Amino acid sequence: MSDIETSGVSVVIPAYDEGVAIVPVLRRILQAVKTPCEVLVVYDEPTDTTVPYLHKYRDDDDRVVPTLNTDGRGPARAIRFGIERARAPVVVITMADGSDDPEQIDVLCKLVERGVVLAAASRYMGGGRQVGGPPLKSTLSRLAGLSLYWFGRVGTRDATNSFKAYSTDFVRTVGIESDTGFEIGIELVAKARRLRRPVVEVPTIWLERTKGTSNFRVVKWIPRYLRWYAFAFGPRLTPDQVRGQHTTKD
């Protein structure tokens, strides 16, 4: 087995027409992460503007893995496709826009290695902060995160943040049912809570992207977030029950 398969991290990045902007993001990640890693950048179409820059970067650093998603369009399917192909025991989801702090990837991984199933980077705990971003999106995210933390006891104040590390075995055990947006983060937090599995958080500073356009669709995705928000509340379930509670229809 390689170092990645025994003690490494698979970093999964859903990308959509990032073009050359993906280059500094990859550079920061690969400079910051000291854990043996692979970086799966997942795109939906061979014509995506990100693709030529990924292949060029891979020529110099084979830790970059350009990955064509054949499971359907959208960030949720891209993330799910990337996790299915992850080789490491820990998988980290981070964004292609550079809003997340790659210096925290190693910290998040070590927490999963110590036994938690999910380690969240939190904007809403002490020491965390969100800089920029649409006011409606940030307000709804904060309200959801804090209410889930205090009343749902989910272990993190920032359930909606995509920047998290997971036990790969945990994700594959409970499955991913999200199929559209970035609701995967709250889905897996909710499933961990219903299983009563340990979740922890560390503070993060999230910076709004300075280049390109966000693909986040607040109004369109709210019902899907609410679905998993409600699921977080309830009695303990078994892995089979958690996996079978919801069936997402395409």
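Two strands count as paired here if DSSP finds at least two bridges between them. Keep that in mind for this predicted model.

**Start with the sheet.** Select the strands. Seven of them, 7 strands in an open sheet, run in the order E3-E2-E1-E4-E7-E5-E8, with mixed pairing. Go to the edges: strand E3 (64–68) and strand E8 (199–203) each have a single partner strand, so one side of each lacks a neighbour in the sheet. From one strand to the next, the twist averages 20°.

**Zoom in on E4 and E7.** E4 and strand E7 (residues 164–167) pair in the antiparallel sense over 4 bridges. Pick Val92; its bridge partner in E7 is Ala165.

**Next, H2 against H3.** Select residues 22–32 and 51–60: the two helix axes come within 10 Å and cross at roughly 35°. The crossing is right-handed. Show Ile22, Val23, Leu26, Arg27 and Leu30 of H2, then Tyr53, Leu54 and Tyr57 of H3; these make the contact. By class, the contact has 7 nonpolar, no polar and 1 charged residues.

**Finish in the cores.** Which residues touch the most other members of the largest nonpolar core? Of its 37 residues, they are Ile93, Leu118, Phe170 and Leu188. H8 supplies the largest share, 7 residues. Centre on Leu188: its contacts beyond four places in sequence include Leu118, Tyr166 and Phe170. Another core, of 33 residues, lies apart, with Ile13, Ala15, Leu30 and Tyr57 among them.

How values were computed. Residues numbered from 1 in each chain as written. Predicted model: local features only at pLDDT ≥ 70, side-chain atom pairs only at ≥ 80, totals over all residues. Heavy atoms only, no water. Axes fitted to C-alpha atoms, helices over the stretch in contact; angles between N-to-C directions. Left-handed = near helix turned anticlockwise from the far one by under 90°. Contact = heavy atoms within 4.5 Å. Nonpolar A, V, L, I, M, F, W, Y, C, P; charged D, E, K, R; others polar. Core = buried A, V, L, I, M, F, W, Y, C linked by side-chain atoms within 4.5 Å. Buried < 20%, exposed > 50% of the residue type's maximum accessible area, 1.4 Å probe, protein only.
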